[in-house]
Amino acid sequence: MNHRDGSSPAPSVGAALVVLSALLILTATTVGLAFLELPPAVHVGLALTIAAIKAALVAAVFMHLLREAPATRLVALMAAVLLAIFMLMVTVDVRHLGG
Amino acid sequence: MSERAPRPARIAPAMSEAVREPFADPAHQRDAVALGMWAFLGQEVLFFGVLFVFYTHLRVRHPELFAAFAPRLDWRLATAMTVALLLSSFTMALAVRFAFVRMRGKLLSSLLATTALGAAFLAMKGWEYAHHVARGESPIVDLADELGPGPGLSTFFGLYFVLTGFHALHVLGGLVALGWLVIVAWRTTAEDLRGSPVMAVGLYWHFVDIVWLFLFPALYLAGRPA
C-alpha cells in the first residue's frame with residue numbers, strides 16, 4: 001500500500017481490473033436508465049449520480065488519490081466541492097432568479 | 001546539449017529515480033509532482049465548469065432544444081467512445097505501475113495501447129463531426145436568414161461542438177504527451193526509467209476521461225425517452 005518503499009502509487013493489475021469492470025457496468029446502467037420513462041429531474045439526478053460515482057472511482061484508484069498525501073487530497077477535494085457550489089448557485093440562478 | 005553522452009550517475013543506485021535539488025528523496029519528489037498536477041487539474045475543473053454553465057443555462061431555459069435535437073446524437077457511437085476511454089484509463093493506470101516498477105516492455109505496451117485507444121476515440125469523434133456537418137447540424141449560422149427565431153438547431157449544435165471540441169482538444173494534447181512518453185521509454189534502459197513523468201501524464205489522461213464521463217450522459221443520453 002505504501003509507495004514510499006519505491007513501489008508504484010498506481011493500482012495492481014487485479015485492482016485496476018475490478019475498477020474497470022465497475023466502470024463498464026455503471027456505463028451500461030446509465031445507458032439503460034436513459035431509456036426508462038421517468039420524470040426529467042429524476043433522469044438528470046440519476047445520470048449525474050452515476051457519473052459522479054464513476055469519477056470518484058477513477059480519481060480514487062486510477063489516479064491513486066487514496067494513497068496521496070493529505071495536502072494533495074485536500075486540493076482535489078476542494079476542486080470538487082467548489083465546483084459543486086458553483087454549479088448549485090448557477091442552477092438556482094438560472095431556474096429561479098432569471099440569471 | 002546535442003552530444004548523446006550517457007547520463008552520468010549522479011545518484012546512488014538505490015535512488016535511481018533522478019532526484020532534483022530541493023527534494024530529499026524520490027518519494028518526496030513524486031509527492032510534489034502529484035500535488036502540482038492536482039493543482040493544475042483544479043484549474044481545468046474550473047475551465048470545464050464554465051462550459052457546464054453554458055450547458056446548464058440551455059438545458060434549464062430551453063429544454064425543447066434537447067427534446068428536439070439530442071436524439072440526433074448517436075448514443076451507440078458515444079457508448080463505444082466511452083468504453084474506449086475507460087479502457088484507455090485502465091491501460092494508463094497499468095503504464096504508471098510498470099514505470100514505477102521499471103518493467104520497460106510492459107510500460108511500452110501499456111503506453112501504446114493507451115495511445116491507440118485515445119486515437120480510436122478521436123477517430124470516432126472525427127467521423128461523428130463529419131456526419132453532423134454533412135447533415136447541416138453545425139453551429140455555423142447563415143446570418144442572412146437564420147437569425148431571428150431564437151435558439152434553434154445551431155444553438156444546440158453550438159453547445160455540442162464547443163463542449164466536445166474542447167474535450168477532444170484535451171484528448172489530442174494527451175496523445176502528444178503519450179507519444180513523448182513512448183519515445184522517452186523507447187530510448188531509456190529499464191534501470192533509468194522514471195515514474196513521475198508517466199504518473200503526471202496519467203493524472204491528466206484520467207482527468208480528461210472523467211470530463212467525458214459527464215459529457216456522455218449530459219449530451220448523448222439527454223431527452224432519450226421523448
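Buried residues make up 27% of the 99 residues in chain A, a figure that comes, like every other value here, from a predicted model. Chain A has three helices and zero strands, and its elements run α-α-α when followed from the N terminus. Its contact with chain B takes 41 residues from chain A and 41 residues from chain B.

**Overall form of chain A**

- The radius of gyration of chain A is 17 Å, whereas a compact globule of 99 residues would have one near 13 Å.
- Taken along the principal axes, the box filled by the C-alpha atoms of chain A is roughly 55 × 30 × 10 Å.
- The domain assignment divides chain A into domain 1 (11-67) and domain 2 (69-99), and the centres of domain 1 and domain 2 of chain A, taken over C-alpha atoms, are separated by 20 Å.

- On the side of chain A that touches chain B, the elements giving two or more residues are helix 1 (13-34), helix 2 (40-62) and helix 3 (70-97) of chain A.
- Helix 3 of chain A supplies the largest share of that side, with twelve residues.
- By residue class, the side of chain A that touches chain B divides into 28 nonpolar, eight polar and five charged residues.

- The buried residues of helix 2 of chain A are His43(A), Ala51(A), Lys54(A), Ala55(A), Leu57(A), Val58(A), Ala59(A), Val61(A) and Phe62(A).
- The cover over these buried residues includes parts of both chains, namely helix 1 and helix 3 of chain A together with helix 3 and helix 6 (195-220) of chain B.
- Helix 2 of chain A is followed by His64(A), which is found in the loop between helix 2 and helix 3 of chain A.
- Although His64(A) is not a glycine, it has a positive phi of about 40°.
- His64(A) is buried because 23 other C-beta atoms lie within 10 Å, the cut-off for a buried residue being 20 or more.

- Helix 3 of chain B is mostly covered, with 21 of its 26 residues buried.
- Arg102(B) follows helix 3 of chain B and is found in the loop between helix 3 and helix 4 (104-134) of chain B.
- Arg102(B) is not a glycine, yet its phi is positive, at about 60°.
- Arg102(B) counts as buried because it has 20 C-beta neighbours inside 10 Å, and the cut-off is 20 or more.

**Val182(B) in helix 5 of chain B**

- Val182(B) lies in helix 5 (residues 153-186) of chain B.
- With 17 other C-beta atoms within 10 Å, Val182(B) is partly exposed, since that class lies between the limits of 12 or fewer for exposed and 20 or more for buried.
- Leaving aside residues up to four places away in sequence, Val182(B) touches Leu108(B), Leu111(B), Leu112(B) and Thr115(B).
- Val182(B) and Leu107(B) are 75 residues apart in sequence, but their C-alpha atoms are 8.7 Å apart in space.

**Transmembrane regions in the UniProt record**

- In chain A, an unreviewed UniProt entry places the feature "transmembrane region" at residues 12-36, 42-62 and 74-92.
- Within chain A, the span of residues 12-36 is 88% helix and 0% strand, with its end C-alpha atoms 37 Å apart, while residues 74-92 are 100% helix and 0% strand, with their end C-alpha atoms 27 Å apart.
- In chain B, UniProt, again from an unreviewed entry, lists residues 32-55, 75-100, 107-124, 157-186 and 198-222 for "transmembrane region".
- Residues 157-186 of chain B are 100% helix and 0% strand, and the end C-alpha atoms of this span lie 42 Å apart.
- Over residues 198-222 of chain B, the chain is 92% helix and 0% strand, and a distance of 36 Å separates the end C-alpha atoms.

Terms used:
Residues are numbered from 1 along each chain as its sequence is written. Chains are lettered from A and ligands numbered from 1 in the order in which they are written. This is a predicted model: local features need pLDDT of at least 70, side-chain atom pairs count only at pLDDT 80 or more; totals for chains, interfaces and linings use all residues. Two residues are in contact if their C-beta atoms, placed from the backbone, lie within 7 Å. Helices (H or I, at least four residues) and strands (E, at least two) are DSSP runs, numbered from the N terminus. Ala, Val, Leu, Ile, Met, Phe, Trp, Tyr, Cys and Pro count as nonpolar, Asp, Glu, Lys and Arg as charged, and the others, Gly among them, as polar. The radius of gyration is taken over C-alpha atoms; the globule rule is 2.2 Å times the number of residues to the power 0.38. UniProt positions are given in the numbering used here, feature names are shortened, and annotations may be inferred rather than shown by experiment. Domain bounds come from an automatic or database domain assignment.
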